[in-house]
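Subject: Structure handover

Hello,

Here is the structure for your files. My notes on it follow below.

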Amino acid sequence: MKIIVNGKEAGSKETGCALCGATWGEYYEEIEGQRLFFCCDFCALEFKNMINEVKKRTCWERIDELTINGNYYTGRTCIAKHNEKEYKFYVKFNEEGEIGTFKEL
């Protein structure tokens, strides 16, 4: 899965956290067969919750590309892509890392 966070490719230690783009931390998790870098386990939890929600709503087996704009405080406007299809959404997480707000755009 190609991941773009606030205009920059992310998902490795060199490119930054797959959710927020930060380069500190040392947390990795395999998601959809890909070893992704996260700054912390909290970002990994939020990312997984977001991916699962998109897959549930779209019935897609996987996401090929994910563009994320925003941050924890303002929420994130995102575009998920699978094959030729696009799914635009807004997501904001609560203090437990669960989805607090999710809106299709």
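**Loops, sheet, core and one arginine**

C59 lies in the loop between α1 and β5; helices (H or I, at least four residues) and strands (E, at least two) are DSSP runs, numbered from the N terminus. This is a predicted model, in which local features need pLDDT of at least 70 and side-chain atom pairs count only at pLDDT 80 or more, while totals for chains, interfaces and linings use all residues. Residues are numbered from 1 along each chain as its sequence is written, and side-chain values use heavy atoms, with hydrogens and water left out.

C59 is not a glycine, yet its phi is positive, at about 65 degrees. The residue counts as exposed because its relative accessible area is 67%; the classes are buried under 20%, exposed over 50% and partly exposed in between (1.4 Å probe, protein chains only). E32 also has a positive phi without being glycine, near 55 degrees. E32 sits in the loop between β3 and β4 and is partly exposed, with a relative accessible area of 34%. E14, in the loop between β2 and β3 (27-31), is exposed at 68% relative accessibility.

Now the sheet. Six strands make up an open sheet with mixed pairing, in the order β2-β1-β5-β6-β7-β8; two strands pair if DSSP finds at least two bridges between them. At the edges are β2 (8-10) and β8 (99-104), each of which pairs on one side only. On average, neighbouring strands of this sheet are turned by 25 degrees against each other, direction ignored. Axes here are lines fitted to C-alpha atoms, for helices over the stretch in contact, and angles run from 0 to 180 degrees between N-to-C directions.

Helix α1 (residues 41-58) packs on the sheet and touches β1 (2-5), β5 (65-71), β6, β7 and β8; contact means heavy atoms within 4.5 Å. The direction of α1 makes about 135 degrees with that of β7.

Strand β7 (residues 85-93) and β8 run antiparallel and are joined by five bridges. K92 has T101 as its bridge partner in β8, and F89 stands opposite E104 in β8. The two strands form a hairpin with five residues between them, and G97 in the turn has a positive phi of about 85 degrees.

The largest nonpolar core has 30 residues. Such a core is a set of buried Ala, Val, Leu, Ile, Met, Phe, Trp, Tyr and Cys residues joined through side-chain atoms within 4.5 Å. The residues with the most contacts inside it are F38, F47, M50, L66, I68, A80 and F89. At least two core residues come from each of β1, β4 (34-38), α1, β5, β6 and β7, and α1 gives the most, with six. Beyond its neighbours within four places in sequence, A80 is in contact with residues including V54, W60, L66, Y87 and F89.

Outside four places in sequence, the contacts of R76 include E46, I68, N71, F89 and F93.

Regards
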